[in-house]
Amino acid sequence: MRNQIIIVSLIIYGLFHLTGCDGVASSNKNIKPSQSTNEVALSNLDLGIAYMKQGAFEKALEKLNRAKLADPKYSPTYNALGLLYESLGQQDKAEEHYKKAIKLNIADSSTLNNYGRFLCKQNRRDEAEDVFQQAADNPLYETPEIAITNAGVCFFNNQNSAKAEEYFRKALQLNPNIPPALLLMSEISYNQGDKLSARGYLQRFQLIAAHTPKSLWLGIRLEQALKNNDAVSSYALLLKNQFPDSEEAAKLRQSGIR
């Protein structure tokens, strides 16, 4: 169920906002490409997305299928169906709908991002990298740093920190305020033993994003290594108060840090 909630959360911020360290996605103006459709299709698409947000997958599927019937050539509907089938664990149908969306509109960078993330989860990293690059190279895509960050997240999640760092640096050159890139660059720097750079990236993350259990646990370990006990205590207090049921809070209790 947790994986379903994570996938559905991709739809909320814009049409698709990949949150936390799962990546990032494009804003509303980039989600619906230069296509026109009828009000029946649009209203059912919007309702389908709303039901997905609520976790009402059966109702979401009904509305999205109605949207598809109303306009079989509107690519964002197939993008949403791809996410829905992915959340339901029906990977073949998810891929089928992502591919259909891309076939209908090759300039739909939202779908390219979602499809790239999907491929990465299937351990098809080379294919995912190609798809993310295709999104980034789209001259109509206003935020190519999103696809570049997603490529970095893919490699980071597959223990290829060197390639992940390469992509995050490219993304941050285009836009220095990408929370997942900053947070994961902090973790990469920490793992490399560069504690001051790690602190700098984490501080930049904190300026533009709310803390997560992951960022707080990283802050605790980082400041402990730098022997800043006051900062350790502050991070620990935030983690215990804001995310008491998280895996990171459990690690904190096991560590004995106060």
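Let me begin with a term: a residue is buried when its relative accessible area is under 20%, exposed when over 50%, and partly exposed in between, with a 1.4 Å probe and protein chains only. On that basis, 49% of the 258 residues of the chain count as buried.

What you see above is a predicted model, in which local features need pLDDT of at least 70 and side-chain atom pairs count only at pLDDT 80 or more, while totals for chains, interfaces and linings use all residues. Residues are numbered from 1 along each chain as its sequence is written, and side-chain values use heavy atoms, with hydrogens and water left out.

The chain has 15 helices and 0 strands, where a helix is a DSSP run of H or I with at least four residues and a strand a run of E with at least two, numbered from the N terminus.

Beyond its neighbours within four places in sequence, Phe168 is in contact (heavy atoms within 4.5 Å) with residues including Val153, Phe156, Leu184 and Ile188.

Helix H9, residues 144-157, also holds Glu145. Is this glutamate 145 buried or exposed? Glutamate 145 counts as buried, because its relative accessibility is 10%. Leaving out residues up to four places away in sequence, Glu145 touches Ala171, Leu174, Asn175 and Ile178, and its C-alpha atom is separated by 7.5 Å from that of Leu172, 27 residues apart along the chain.
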